[in-house]
Amino acid sequence: MKISFAKKGNWRDALRRAFILRFHAKADFIQEEDAVADPLDDHFNGRYAYIGALTDEIFENGTEAALRCSFEGTGAPMLMFAEDAKPDADGDFRYAACIEVVIWQHGVNVWRYTRQGEILHHHHAMADFLPLAEGEIHDLRVKIDRKNLLIQIDGKGSSVRIPDMPEKFRVGAALCEGVSRLYELQINEANSFGDFLTWRGGNEPIQKF
């Protein structure tokens, strides 16, 4: 599956807008010629909106996703894997339990969100420091492999173990914190991790950042 966020792209047909239950507010993407960007929005206390988009299709463990994205300043684009997304009255997805793989100017963060009733918990699963240039398009790739996330940024790899890795989820991308852009999302289009699977004791991938 290849999804383009360009003005003439297919993202509106392939994805639904999605909003984490951490925020009640909604916003809309800014459509640019070759990408979508996040707006400053008063509903988010005058900050840049946290806005994403998810597939209707549900994927399984073993999925690989690739995102071409960019950021400026404090911008933070991400790949996300949401396991409890449900459409609201507007047809948008609302979700809580998810995994976020976020890039920013100092590298990558992985967040694990879980839900207990109406309470949303989040855990900072990983932080790897790798200076990334703002204003350039970066290639973020993630594969869910059993209980591990295999991560590549511009060809450099790392990994993190997620003990409660979901078996099924929707795949998408989001923008937050500052000026960010999404250009293209691919799901299960390529096997980027064939030479990445170097195992330590057969249980966890070696981190390579």
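Asp41 is buried in this predicted model. Its relative accessible area is 13%. Asp41 belongs to strand β5, which covers residues 40–41. Ala25 lies 16 residues away from Asp41 along the chain, and the two C-alpha atoms are separated by 9.4 Å.

Strand β20 spans residues 180–187. Seven of its eight residues are buried, so the strand is largely enclosed by the rest of the structure. Strand β9 (residues 64–71) runs antiparallel to β20, and seven bridges join the two. Within this pairing, Cys69 has Leu182 of β20 as its bridge partner. Cys69 is itself buried, because its relative accessibility is 0%. Strand β1 (residues 2–4) is also antiparallel to β20, through three bridges. There, Ser4 stands opposite Glu184. Strand β4 (residues 36–37) is joined to β20 by two bridges, again in antiparallel orientation. Ala37 of the chain stands opposite Arg181 in β20.

Arg181 also takes part in a salt bridge, with Glu32 as its partner. The closest N and O atoms of this pair are 2.7 Å apart. Arg181 is buried, with a relative accessible area of 18%. Its value falls under the 20% cut-off for buried residues. Glu32 counts as partly exposed, because its relative accessibility is 23%.

Side chains of opposite charge can pair when their charged atoms come close. The structure holds 15 salt bridges in total. Among them is the contact between Arg141 and Asp139, at 2.8 Å from N to O. Arg141 is buried at 17% relative accessible area, whereas Asp139 is partly exposed at 24%. Another salt bridge joins Asp145 to Arg146, with the closest N and O atoms 3.5 Å apart. Asp145 is buried, with a relative accessible area of 13%. Arg146 is exposed, with a value of 52%. Elsewhere, salt bridges with shared partners connect Arg17, Lys26, Asp28, Asp88, Asp90, Asp92 and Arg94 into one network.

Cysteines were also examined. Cys176 is buried, with a relative accessible area of 8%. Cys69, in turn, is buried at 0%. A search of the whole structure finds zero disulfides.

Definitions and conventions. Residues numbered from 1 in each chain as written. Predicted model: local features only at pLDDT ≥ 70, side-chain atom pairs only at ≥ 80, totals over all residues. Heavy atoms only, no water. Disulfide = S-S within 2.5 Å. Buried < 20%, exposed > 50% of the residue type's maximum accessible area, 1.4 Å probe, protein only. Helix = DSSP H or I, 4+ residues; strand = E, 2+ residues; numbered from the N terminus. Pairing = 2+ DSSP bridges. Salt bridge = Lys/Arg side-chain N within 4 Å of Asp/Glu carboxyl O.
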